[in-house]
Amino acid sequence: MNKKNVKAFFSLALFAGTAYLQAAFALEPGQPAPGCPMKTWEGTPLDLSQYKGKVVYLDFWASWCMPCAQSFPFMNEMHSDLGPKGLQIIAINLDEKLEDAQAFLAKHPATFTLARDPDNTCPELYGVQGMPSTYLVDREGRISHIHKGYRVGDAEKLRAYVQVLLDNNRPKR
Amino acid sequence: MAAIKNNKTLLALTSAALALPGMAPRTALSLDIGGLEIGDIEGGFQYSHYEEGDDRINADTYQGTVTLPLTGRLNLNGHWIVDAWSGATPSINVPSEVLGRPDGDVVQILTSASPETRVAFDLRAGYQFDDVLLEFGGGSSDERDYDSTFFNFRTAWDLNEKQTTLSLGLNYQDDDIEAVTRPDLHGQKSVYNIQVGVTQVLSKDSLITSTFGYTRSSGFLSNPYKRVFIQDLGAFFEQRPDNRNSWVWDTRYIRHLAAWDAALHLDYRLFADDWGVHAHTFEAAWYQPLGHDWQVVPRVRYYSQNDADFYQPFFTQEEAADEEFSSDHRLAGFGAISGGAVVTKDWADWLNFETSFEYYQRYADLEIGGDGESDFADYNFWLVNVAVKIKF
Amino acid sequence: MPLAHLTVIVCLILMLAACATPVKPWERGTLAKPHMAVDPSPTETGIRHHVFESKEASSGGLGGGGGGCGCY
């Protein structure tokens, strides 16, 4: 019985250890949004700093993520309504194979900016903990809100957050 | 009558589907009723035919399911089933001497079962928090001589960014048992069950899941139609113990094979109870996508169980003295091998068609460590299914 | 079932969990494939198990869920 107790304890400890390691890193609201090596869909480098002064809606998605399919119509709507008011949506695709992403886009077309990060450096830098993940960046380039997942009903909440950030215009000089 | 109506519905659905040449992908239908958002409603229908060899039992089963997702977190599920069966079923074993044939064999006697119909339904409601699922369900099953009511609760907890899932299930069942040929019989049976499970993602291409369950049954646990032959005394209705504790441990390993884009599912289940039964089940299934949204799944199963403590093909008076006896072939020692395949086809994101078949052969000789004694009870069966699923 | 056997089974399961390699949330594309689900076709499994449990002495089995895309 004693030997088995020791075995059980170490297994439990190892198990708990892996759990801790995985949850280690996460970005906090208030921190500046990290620059990361994304590329446009055509392959040219895309830099987050070029959007300073705009509100950025950074979304990590993949073709195999069911909730992502539901979020695309919502992002299209926001792009047409709030794009002219200073909203910049960047949807970073994390598919291993480009064909999978393209098949998804054929069924769920996007009017907003799409980006690619095949090396997966961006999700690491942003500490993405679930798919999809949305990071709202204010006009000063700081992370304002992090949203994990997408469910029916999230549209209103996210739109409200975006509206608040859009209303925060740069202070007049 | 309900059975025939459903057959026509199935025909109408499949011919409509086959008639449309190139079904365009449809945009998701999203309903909003008074602020309550409804997601993709799913409906399904399945027809199954079960047939044993030698004109024994055959059964037709019709099932329907409806899934209703609400608010993105609440999920409602409804399911109904209609089972109709008839044919001959083993009722007693006698030594061949009793029939005037002194060759030392055991003879299994079958009696014709009058056609029976069972109707059952169950409902489930589940709420998905970010990492925790809570699910409640219940239902009822009715046939001429057997009524059952059941309730269940399940919770699942995702950990480690959803790489680990722990689950707990509780089930309760209450049955009322009668027998057409025994008007004085009013049996009652209660079943309590608890299941704990863990699912663990092992790598980008593999995962393992394991569940451990304990069940306690008490009350009238015998089959009211089965009899035993006690030498020099004749035929008596079987008498099983009035309680049963059983344990089950089921583990499945799933691995993706990139070269074929196939998924291999390997399953091992160990069962043990305090009636003396130990059973091993090995299953392997190979999920093979074939392009153009077709998929074929060949599978094979090997099963082995040993006999219950109170099972005998027939009894001497000493063997029956403790008043626990059954000759039901289900409690004998035997093995079984079965194999078959599932074929599925997806159409345009909203229609799924599935058909499957399985052939099963019971062999007393296949029992691990057995003596093949119950080979007089060997039989085989075919199971064929046809199903359609629609997303609205 | 003796308590000693139970403890061994639980240890085995926990140790298996410990030898899992961490998979990032964006690396779950393969696990999200429909044929990688624990039970890709519950209605068909239902009737199959119903038939086996009517013809054999054992019953019960998996019922946990999990795996898949791990989406929120």
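User: What makes a contact a salt bridge in this predicted model?
Analyst: A side-chain nitrogen of Lys or Arg must lie within 4 Å of a carboxyl oxygen of Asp or Glu. By that rule, the count between chain C and chain B is 6.

User: Why is the pair Lys33(C) and Asp261(B) called a salt bridge?
Analyst: The N to O distance between the two side chains is 3.1 Å. The cut-off is 4 Å, so the pair qualifies.

User: Which helices of chain C supply the side that touches chain B?
Analyst: Helix H1 (3-18) and helix H2 (42-55) of chain C each supply at least two residues. H2(C) gives the most, with 9 residues.

User: How many residues take part in the contact of chain C with chain B?
Analyst: Chain C brings 46 residues and chain B brings 74 residues. About 5200 Å² is buried between these chains, and carbon and sulfur atoms give 58% of that area. His35(C), Lys55(C) and Leu62(C) supply 14% of what chain C buries against chain B, more than any other three residues.

User: Which residues of helix H3 of chain A are called buried, and what is the cut-off?
Analyst: Ala101(A), Phe104(A) and Leu105(A) are the buried residues of H3 (residues 98-107). Each therefore falls under 20% relative accessible area.

User: How do you know that they line one face of H3(A)?
Analyst: Look down the helix axis. The buried residues fall within an arc of 100 degrees, so they share one face. The face turned away from them carries Glu99(A) and Ala106(A), which are exposed.

User: What covers the buried residues of H3(A)?
Analyst: The cover includes strand S3 (55-61), helix H2 (66-82), strand S4 (87-93) and strand S5 (113-116) of chain A.

Notes
Residues are numbered from 1 along each chain as its sequence is written. Chains are lettered from A and ligands numbered from 1 in the order in which they are written. This is a predicted model: local features need pLDDT of at least 70, side-chain atom pairs count only at pLDDT 80 or more; totals for chains, interfaces and linings use all residues. Side-chain values use heavy atoms; hydrogens and water are left out. Buried means under 20% relative accessible area, exposed over 50%, partly exposed in between (1.4 Å probe, protein chains only). Helices (H or I, at least four residues) and strands (E, at least two) are DSSP runs, numbered from the N terminus. The arc is that of the directions from the helix axis to the C-beta atoms. Contact means heavy atoms within 4.5 Å. Buried area is the accessible area (1.4 Å probe) that two parts lose on being put together, summed over both.
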